[in-house]
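Please open the model in a viewer and keep the selection tool at hand.

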Amino acid sequence: MNIVIVGGGKIGLSLAEHLSDEGHSITLIDKNPSIINSCVNKYDILGLNGNGASYEIQQEAKVNNADIFISTTSSDELNLLCCLIARKSGAGRTIARVRNPEYSQQFQFFKEQLGVSMIFNPEFEASKEISKILQFPSAINIESFAKGAVDLIEIKLDEKSPLCDTSLSDLTQKFNVKVIVCAVQRGDDVIIPRGDFVFKAGDKVHLTSYQREMIKLSKQLGIYRHKNKNVMIIGGGKIGYYLAKKLSATGNHNIKVIEIDKERCEFLAQELPGVKIINADGNDTDILAEERVEDIDGLVALSTIDEENIITSLYANSMGVNKTIAKVNHIPASIITRLGVDSAISSRDIAAELIIGYIRALEASGDSEIITLYKLVGGLIEAMEFKIADSFKYAGIPLKDLNVNKNTIIVSIVRNGVVSFPSAEDSIEIGDNVIIVSKQGQFRSINEIFK
């Protein structure tokens, strides 16, 4: 596909990298010539220095021939204007980054009247991911499929874990649980395990099952943690706002937000009446001590500086906080968790996954479409949810009679809202949602997973 991206910030660069790796023809527009020069030298893309909202610049970028136009600048209004001009210029589909909460009720209007095909809000999506982790704090990370009906969780095994030296084939009998182990990260390697695979200390295990089964296993492994009732959020920016609003709406949390900017605190106090807003530097250990961080169940560090988030999270861990989550922009999440932070989250990566999934769905053949896509373990494996259409070739055939590609596993099947974790006798039927995990990646169609 021909794809034009406006904005060479974190999200724009991440999209340029991932989409060019997937074989798309990318043109990046940015006002900063040094960004353009750096990207053109680093990635296999075209670069254009200029204003993405300029009709002349868009013509020069051949937006009229673009299958997809994506505007990712820091300005919501500029992104919408860019998309409107691109749509009028002949771009096939347009995607806009819109973050201001004031616009959240107008998304349908933007789509219908401005012709914007997709609107994404990285901060809102990040707040959803953090909320899921706080609800199941035993996990490092949680990815959800089938509108939340299926969760793929990540756990880490320490030296004392009862799972160490246990083979995958013995797991069910030893712990009396039914779980699907989708992938294991061991050091820098990623393994789609078979029955003879033996778990070792340090492994990061991605698994799924019914929630009751995952709770049961986490208790037996000694990693179970109660849900976080008392939550402290460091940073009252957009993610902090969305997260506090989401948590307070449940009525099950006591929430503190520590924000250094006084004017922002006044806004938060007005918009979040059930949340305690504190005007202070949340990365100051004296402030954390004053606010009795040791009594907090979960701490979420959301400052704009990765290093501050890491240090604050590590300090909270040392004070006995049940769960720490750090927002990162530049440092890979896998490195953060190795340092001792429980979980790390990147709004940039979340946004990239959303858009890549959307583009893959557009490319998909008629047998299926991609509903959800996650890149795990630094992009080394992918988890995808497909919707099975009428033209699917293998409907009704037992899985035991199908040859699934190496390093690919069918994780679950959702049929009429009912989740099942398939056995060899089960089959995929028209209308199902099917979730797979693969080390190969870049599938556009469910047919591609079969030999």
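**First stop: a loop residue**

Select N407, which is partly exposed because its relative accessibility is 27% (buried means under 20% relative accessible area, exposed over 50%, and partly exposed in between, with a 1.4 Å probe and protein chains only). N407 sits in the loop between β19 (381–388) and β20 (408–415); helices (H or I, at least four residues) and strands (E, at least two) are DSSP runs, numbered from the N terminus. Although N407 is not a glycine, its phi is positive, at about 65°. Most residues other than glycine have a negative phi.

This is a predicted model, in which local features need pLDDT of at least 70 and side-chain atom pairs count only at pLDDT 80 or more, while totals for chains, interfaces and linings use all residues. Residues are numbered from 1 along each chain as its sequence is written, and side-chain values use heavy atoms, with hydrogens and water left out.

**Second stop: R292**

Move to the loop between α11 (285–290) and β15, where R292 lies. R292 is not a glycine, yet has a positive phi of about 55°. Its relative accessibility is 46%, so R292 counts as partly exposed.

Next, display the six strands of the open sheet, in the order β14-β13-β12-β15-β16-β17, with parallel pairing (two strands pair if DSSP finds at least two bridges between them). At the edges are β14 (276–279) and β17 (343–345), each of which pairs on one side only. From one strand to the next, the twist averages 15°.

Within the sheet, select β12 (residues 230–234) and β15 (residues 298–301), which pair in the parallel sense over four bridges. Which residue of β15 is the bridge partner of I233? The partner is V300.

Axes are lines fitted to C-alpha atoms, for helices over the stretch in contact, and angles run from 0 to 180 degrees between N-to-C directions; contact means heavy atoms within 4.5 Å.

Select α6 (residues 122–135) and α9 (residues 238–250), which pack at an angle of about 50° with their axes 8 Å apart. That angle makes α6 oblique to α9 (under 35 degrees counts as roughly parallel, over 145 as roughly antiparallel, 65 to 115 as roughly perpendicular, and the rest as oblique). Residues making the contact include F124, I130 and L134 of α6 and I239, Y242 and L243 of α9.
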